[in-house]
Amino acid sequence: MFNLLSKAPSSAKNDILSGLTVALALVPEAVAFAFVANVEPLVGLYAAFIVGLITAIFGGRPGMISGATGALAVVMVSLVLDHGVEYLFATVLLMGILQVLAGIFKLGKFIRMVPHPVMLGFVNGLAIVIFLAQLGQFKVPDGMGGQQWMEGQALYIMLGLVALTMAIIHFLPKLTTAVPSSLAAIVTVTAIVIGFDLEARTVLDFLKGMTGNEQATIAGGLPEFHIPMVPFNLETLKIIFPYALVLAAIGLIESLLTLTLIDEITETRGHSNKECIGQGAANITCGFFGAMGGCAMIGQSMININSGGRGRLSGISAALFLLCFILFASPLIEIIPIAALTGVMFMVVLGTFEWASFRLLGRIPLPDAIIGISVAVITVFTDLAIAVITGIIMSALVFAWQHAKHIYLKSYKNEQGSIVHELNGPLFFSSVRNFNDLFDPKNDDADDVILDFKNSRVYDHSAIEAIDSLADRYIKAGKTLHLRHLSEECKQLLNNAADLIEVNVMEDPHYHIADDKLA
C-alpha cells in the first residue's frame, strides 16, 4: 500500500484532532449522499452524527469511522421516490434490527472467509470510486440546470489548491506530527483563499449547488425523536423488508471489510460480531430520529488512521464536532474551500489503493488476478455487495475446480489378500466424477476390497452419494466393499447402507468452517 499511513499509537490529542479532521470531511460527503438518496441534507448529516457516535462507542473497531454512505444511498433512492421518506426511516429501523440479529447469531465471523484477491478488489474498487466521486468537484453549474467542467482561471485555482493540500499532507509529517497533516492542510488552504480573496468554491457553494436553494445551510437543531409515520401492517413489511435486507447486507459487508483492512494496517484486531451489533443499534436509532442510516466509511476511516486516530475517542470526537458544526459553527464550516477537502480525499485514494497489486500480476495464479480485477470493476460499475459476493463465488468455484483434480488412489494387497485402495484428496461435489473414474470393480482381482479414507475427507452429500453408488457397483460385481477411517459425520449419513460398511475408526475428525472464539 502507498505508505501514507501513520503507525502512531493512540492518544487523546491525536484522536481529538483527527476527529476534527474527519468531521470537516464528513460534511460534504453526508450532504452529497443525502442528495443521492433524495432526502434533505440534514437527514444525511444527522445520520453521520448518530451512526458515527454509536458505532464509535459500541462498535467492534476503534478508529473506524461510520456515517451515511453512497453504497446505501443508491439503494434508498428508489424507496424514497416510490413511497416517501417515512418509509425510509422505517426501513432503516428494520435494517438495524437485522444487523443486530446478525451480531447476536455471530454471522460476522464469516467475513474471515473472504479471500485475499476479493479484499484487494474491494480496496482498489473503492479507491477508484472515491477518486471518481471527487472529479465531480471540478464541475460547475452551466446555467441551464446542468453542469460543465471548470475552465480557465477557476480550473487553475482549483488544481493549485488541491495540489497544495496534497503537498502539505505528504510533507508536513516529515517536519512535525504535532498536528494532523490533513487538518493543517485544510486550515492553511482556507486561510490562503480568504487572505488572497481567491475565487474558489466553498462548502456553502457546494450545498447550494446540490440543493438548488440559495438559502441552503448546514445549520440545524438537535435530531428529534420521531416514530416513522407508516402503517404498521403486513403490507408495509412487504415494502420495506426487501430494502432492509439489502441495506443490512451492504452495510455489514462494507463495514466488516473496512474493519479487516484497518486490522491489517494497525496490526490490531477488531470484533466483527460486536461491530454488527453496534452498527445495528446505530441504524435503529437513526430510524427513530429521522436519519438515513449508514455504515463504515473507508475514506473517512483512512483519513482518521492517517491523522493518528486509533481509539474510540477519535470516532466520538468526529461525531460531536459534526454536531457542533450543525448547531453552532455552520458559518465557519461553510467557508472551507472544496479544493481542500478534495485534496484530502485524493490522498485517501493514494493511501487506499493497493499499488502492490500491480507487482503481483504475473506472480500470482491467473484466476486470483482475474478475481481481484473483476471485484474492482464490479465495485466501480455496480454495487459493493454484488462485487464481493461475485468474488467469493468465483473464488469458491476456482477452489473447487482446482481441488477436484487432487484426488487419486494408492492401491496394494494386504496380508489377508484384500485389495486396499487408499484414497488421497478431498471428496466433495467437484471431485465426485474423478472419484468414480478411479475404480473398476469388475477388474479388481480380489473379492474383498477396502476403501481407506485415512488421507481423505468426505465433505458433502454429493460425496456420500458417490460412496453409496460405489458400494452398489461392487455388489453388482459380486464383491464386498469395506470402508474404514470414516468420520462420525460420514458414518451417520451412511446408516442406510450399514450392512455394507465395516468401519474401523482410527481418528475422529471434526470439521468447522469458522470459530466463534475470535469473533
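Val432 touches Leu427, Ser462, Ala463 and Ala466, leaving aside residues up to four places away in sequence; contact here means heavy atoms within 4.5 Å. Val432 is placed in helix α18, residues 432-437. Helices (H or I, at least four residues) and strands (E, at least two) are DSSP runs numbered from the N terminus. Val432 counts as buried because its relative accessibility is 15%. The classes are buried, under 20% relative accessible area, exposed, over 50%, and partly exposed in between, with a 1.4 Å probe and protein chains only.

Let me state the basis of these values. This is a predicted model, in which local features need pLDDT of at least 70 and side-chain atom pairs count only at pLDDT 80 or more, while totals for chains, interfaces and linings use all residues. Residues are numbered from 1 along each chain as its sequence is written, and side-chain values use heavy atoms, with hydrogens and water left out.

I turn to the protein as a whole. There are 20 helices and eight strands, and the C-alpha trace spans about 95 × 55 × 45 Å along its principal axes. Of the 519 residues, 53% count as buried. Among contacts with a separation of 6 or more, 81% join residues 24 or more positions apart.

Next, the interior. A nonpolar core is a set of buried Ala, Val, Leu, Ile, Met, Phe, Trp, Tyr and Cys residues joined through side-chain atoms within 4.5 Å. The largest such core has 126 residues, and Met292, Leu322 and Phe325 touch the most other members. Helix α9 gives the largest share of this core, 14 residues. A second, separate core of 22 residues includes Leu423, Phe435, Leu470 and Leu486. To return to Met292, its contacts include Phe33, Ala73, Met76 and Leu88.

What of the cysteines? A search of the whole structure finds zero disulfides, a disulfide being a pair of cysteine sulfur atoms within 2.5 Å. Cys286 is in no disulfide, and its nearest cysteine sulfur, that of Cys295, is 11 Å away. Cys286 is buried, with a relative accessible area of 0%, and Cys295 likewise counts as buried at 0% relative accessibility.

Finally, the pockets. On a 1 Å grid over the protein atoms alone, a pocket is an open set of points where a 1.4 Å probe fits, with protein on both sides within 12 Å along at least five of seven lines; lining residues have an atom within 4 Å of a point. Points are joined across faces, edges and corners, and a volume is the space filled by probe spheres set on them.

The largest pocket has a volume of about 940 Å³. Its lining has 40 residues, of which Glu29, Phe33, Gly70, Val129 and Ala133 are the closest to the centre. Helix α5 supplies the largest share of that lining, seven residues. By type, the lining holds 23 nonpolar, 12 polar and five charged residues. Nonpolar covers Ala, Val, Leu, Ile, Met, Phe, Trp, Tyr, Cys and Pro, charged covers Asp, Glu, Lys and Arg, and the others, Gly among them, are polar.

The second largest pocket has a volume of about 630 Å³. Leu107, Phe110, Ile111, Val114 and Ile392 are the closest to its centre among 24 lining residues. Two or more of these residues come from each of α4, α9 and α17. This lining divides into 21 nonpolar, three polar and no charged residues.
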